[in-house]
Amino acid sequence: MDDLQYVYATAGVMALYFAWQVATKRFDPFAPVWMFFVGYVQVYVIQPISYREWAVATRGEELVQWANLRALLALIWFLMVYHAGFGRLLARRLPASPRGWSVGTVTALSPILVVWGLYCAGIFGGGSAQEEMSPEGALLRSFPFVMMVAAVLLMTTGRRLDAPRPAYFHAGLALGGLYVLIWMFNGKRSHSLIGVLSTIASIYITRLKRPSWGVLGTTAFLGALVVALAIGWRNNQNYERSFSGFAEYASEFDLAQILVSMDIAEEEPDQGASYETKEYGGYLLMLDTVPEKSDYDYGASYLRIFSTYIPRIIWPSKPLYGRQQWIDAWVAGSEFPREDDFTGPAIGILGAAQLNGGLIGTIIVLAGAAIFLRTLYDYFLLYADTPWAQFFWSIFFFNAWFMVVTDDPLIWFYYNWAFSVFPIVVLTWSVSKFFARPEAEAGSNEPHDPSEPYEPHAEFEAHVRAARGPRFATERIPS
């Protein structure tokens, strides 16, 4: 079988899954599987097609064929575990989402997060991103995402069904737009895309609605656009590095650059170019190198779940667990000479799984990702009418994309979520659970039975019935 046939089969599996979800009325654009697919399409469908000639010439047709087959089988395995029912069982055993919501906490916390986020972005007293600074200053500048967290907190508060506060919502909406603009200017595609996704999620999740196909199409276009703008501006040599220069750049932006940023087209095709530092290229390198030329890391990188909370000003010699094996693989298997201080390109989830433990590592990593994502999604569905669950899911679901495209499935946690979001998620849960007045005094704090249709609390019925379109809270958890 030709190696590209496995790529087309991978695309076909995702297309059939989408058709099945739509036909059975189970399609939920905020389910993590779709963000997982977004990353998977780019790394294991688009890139293998776009870079096939280079891949075969560099790594050999046999390895490329095996790589594409493994990507197909890994996707099927992920979907099997995702729908095996483990997530539902685990979600029902987690502590219930609080029904209270502390407006005072949001009011007091949001301005601090906004100012801090602006400082981290270099906009509000932070100096330039390249400026030399002390370790303490560098640590303080490591929390840019808190501004987006504040935006989602405000939008969630403003759209509460029992006590809407339009001023809060519009303030959060404006902050979300400002966040996207700032990080496009800073040339960071991930932050810009996250801003779009979290904002759209907050708008709809808080109303127990799903966006229309038109809104979904527009969101997909905006997401691709902000990514392309950020990448193009970062590499720009023709415009002044100022806000006026960025405005001029954006007004003259060629939409064809979107295809370049998605690896569908090249700005200047080069027959001799190497694509080793693309995610698919890194995946091929790991398959070709580990364990024959370089050893597994045996999952050592996941120790960073714990070590990431210990700052280097306290533990100066703290290692980046698993990083040495990552570097060793690049040094041993690269087309080019690589030094021990080599850093930069991602290897994608399948490259990371190969580095973790080969085929066995891939089976474990994909199963773990499927169970983890499905558990949190089912938990959200169980409590979709509570503000805390709405806040949590709006600021989390996009991480399914990060799990696919980075050099470790938990990079999203180490370098962003652990510091910028997780403490605030825990704080709001604690305050809402133990100190805030419940939204519905008569409401039960128990989740509904997934085998029965969900009946909203009486306090929300009028709002839910008036809402147009499908609703999270009135549908069964997809099985």
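This is a predicted model: local features need pLDDT of at least 70, side-chain atom pairs count only at pLDDT 80 or more; totals for chains, interfaces and linings use all residues.

Biologist: Why is Met 80 called exposed?

Modeller: Exposed means over 50% relative accessible area. Met 80 has 52% relative accessibility, so Met 80 counts as exposed.

Biologist: Which residues make the nonpolar surface patch with Met 80?

Modeller: Its members are Trp 66, Leu 73, Ile 76, Trp 77, Met 80, Leu 359, Ile 360, Ile 363 and Ile 364, and the patch covers about 840 Å². At least two residues come from each of α4 (61–82) and α17 (348–382). Helix α4 gives the most, with 5 residues.

Biologist: How do you know that Asp 28 is buried?

Modeller: The cut-off for buried is under 20% relative accessible area. Asp 28 has 1%, therefore Asp 28 is buried. Asp 28 lies in the loop between α1 (3–23) and α2 (32–50).

Biologist: What makes the pair of Asp 28 and Phe 30 a polar contact?

Modeller: A polar atom of the Asp 28 side chain lies 2.9 Å from the backbone nitrogen of Phe 30. A polar contact needs N or O atoms within 3.5 Å, so this distance falls within the cut-off.

Biologist: What makes the phi of Leu 208 worth a remark?

Modeller: Phi of Leu 208 is near 55°, a positive value in a residue other than glycine. Leu 208 is found in the loop between α10 (189–205) and α11 (213–234). With a relative accessible area of 1%, Leu 208 is under the 20% cut-off and therefore buried.

Biologist: And is Tyr 298 buried or exposed?

Modeller: Tyr 298 has 59% relative accessibility, which is over 50%, so Tyr 298 counts as exposed. Tyr 298 is not a glycine, and has a positive phi of about 55°. This residue lies in the loop between α14 and α15.

Biologist: Where is Pro 291, and what is the peptide bond from Val 290 to Pro 291 like?

Modeller: Pro 291 is in the loop between α14 and α15 (304–307). The bond from Val 290 to Pro 291 is cis, with omega near 5°.

Biologist: Why is helix α14 called mostly covered?

Modeller: In α14 (residues 279–289), 10 of the 11 residues are buried. Among them are Glu 279, Tyr 280, Gly 281 and Thr 289.

Biologist: How many helices and strands does the protein have?

Modeller: There are 22 helices and 0 strands. Of the 479 residues in the protein, 54% are buried.

Conventions:
Residues are numbered from 1 along each chain as its sequence is written. Side-chain values use heavy atoms; hydrogens and water are left out. Helices (H or I, at least four residues) and strands (E, at least two) are DSSP runs, numbered from the N terminus. Buried means under 20% relative accessible area, exposed over 50%, partly exposed in between (1.4 Å probe, protein chains only). A polar contact is a pair of N or O atoms within 3.5 Å; within protein, one must be able to donate a hydrogen and the other to accept it, and residues adjacent in sequence count only if both atoms are side-chain atoms. Patches are made of residues with over 30% relative accessible area and no salt bridge: like charges are joined within 9 Å, nonpolar side chains (Val, Leu, Ile, Met, Phe, Trp, Tyr) within 5 Å. Accessible areas come from the Shrake-Rupley method with a 1.4 Å probe; for residues, only the protein chains shown count as cover. A salt bridge is a side-chain nitrogen of Lys or Arg within 4 Å of a carboxyl oxygen of Asp or Glu.
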